[in-house]
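Please look over the model below.

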Amino acid sequence: MTEINHRKADHPIHAIFLERWSPRAFTGEEIGKEELLALFEAARWAPSASNIQPWRFVYARRGSEYFASLLETLDEGNQRWAKNASALVIVLSKTHRVTSTGEVRPAYTHAFDTGAAWFALALQTQLAGWHAHAMAGIDRDKAMRVLGVPEHHRVEAAVAIGRIADPSTLPEDLREREKPSQRKPISEFVFEGRFRAD
Ligand SMILES: Cc1cc2nc3c(=O)[nH]c(=O)nc-3n(C[C@H](O)[C@H](O)[C@H](O)COP(=O)(O)O)c2cc1C
């Protein structure tokens with residue numbers, strides 16, 4: 001069975017699923033706007049309930065006036081390494097939708113749909129020779145303020161996109177963690193017919 005990055009798939013899958021991982025060591029090089037937009041193009045084609053497309057992305061490219069303010073919305077532990085990203089992205093979702101009668105209703109699948117879009121972005125990033133690293137460690141209220149996000153939107157996560165660098169460029173504590181992680185076996189989360197609690 002496929003083995004890549006010291007990860008072994010127990011069933012045959014495309015190599016991209018084992019190749020993708022979340023490094024923290026980034027080169028700090030710049031990324032072109034068109035190259036970055038091509039990554040969001042993949043997110044664009046994610047599926048969503050009623051094709052509502054509730055995902056929203058706010059990005060800042062390294063070298064732009066926005067980079068520092070997006071970086072400052074991250075928790076300090078993430079800023080330590082994400083400062084070397086080529087682009088930072090805040091992933092948001094639209095939590096409500098307006099019906100044809102003008103009623104504002106919660107969009108039940110906003111987070112699920114946005115998760116699909118983020119992962120399309122992550123896979124396209126990997127295919128394009130970059131890496132994407134998601135972060136929940138973000139000050140959501142600050143991000144709402146800094147980005148000027150209106151109500152009925154939720155900050156889901158942040159993403160650092162960059163070109164992978166040698167682990168030696170990281171502070172020592174992070175260097176030790178700089179390797180692709182493993183997973184539970186399928187038998188622990190896939191059940192036939194009935195749910196099985198842990
Ligand atoms: C929603 C989400 C939030 C995460 N938050 C953080 C974070 O705040 N800081 C961090 O260093 N990594 C974060 N990660 C990275 C995960 O730790 C990582 O994806 C997980 O350990 C699996 O490893 P892999 O992506 O290398 O396969 C996050 C990942 C996801 C999907």
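## Basis

This is a predicted model, in which local features need pLDDT of at least 70, side-chain atom pairs count only at pLDDT 80 or more, and totals for chains, interfaces and linings use all residues. Residues are numbered from 1 along each chain as its sequence is written, and side-chain values use heavy atoms, with hydrogens and water left out.

## Helices H2 and H5

Helix H2 (residues 33-44) meets helix H5 (residues 110-127): their axes come within 7 Å and cross at roughly 140 degrees. H2 is therefore oblique to H5. Oblique covers what remains after roughly parallel (under 35 degrees), roughly antiparallel (over 145) and roughly perpendicular (65 to 115).

H2 contributes Ala-38, Leu-39, Phe-40, Ala-42 and Ala-43 to the contact, and H5 contributes Ala-117, Ala-120, Leu-121, Gln-124 and Thr-125. Contact means heavy atoms within 4.5 Å. By class, 8 of these residues are nonpolar, 2 are polar and none is charged.

## Ligand site

There are 14 residues around the ligand; Arg-7, Ser-22, Arg-24, His-133 and Ala-136 come nearest.

Arg-20 has a side-chain N or O atom 2.9 Å from a ligand oxygen. For Ser-181, a side-chain N or O atom is also 2.9 Å from an oxygen atom of the ligand. For Arg-183, a polar side-chain atom lies 2.8 Å from a ligand oxygen.

## Arg-62

Arg-62 sits in the loop between strand S3 (55-61) and helix H3 (67-71). Glu-29 is 33 residues away in sequence, yet 7.7 Å from Arg-62, C-alpha to C-alpha. Leaving out residues up to four places away in sequence, Arg-62 touches several residues, including Gly-28, Glu-29, Glu-30, Phe-67 and Lys-83.

Definitions and conventions:
Axes are lines fitted to C-alpha atoms, for helices over the stretch in contact, and angles run from 0 to 180 degrees between N-to-C directions. Helices (H or I, at least four residues) and strands (E, at least two) are DSSP runs, numbered from the N terminus. Ala, Val, Leu, Ile, Met, Phe, Trp, Tyr, Cys and Pro count as nonpolar, Asp, Glu, Lys and Arg as charged, and the others, Gly among them, as polar. A residue is near a molecule or strand if one of its heavy atoms lies within 4 Å of it. A polar contact is a pair of N or O atoms within 3.5 Å; within protein, one must be able to donate a hydrogen and the other to accept it, and residues adjacent in sequence count only if both atoms are side-chain atoms.
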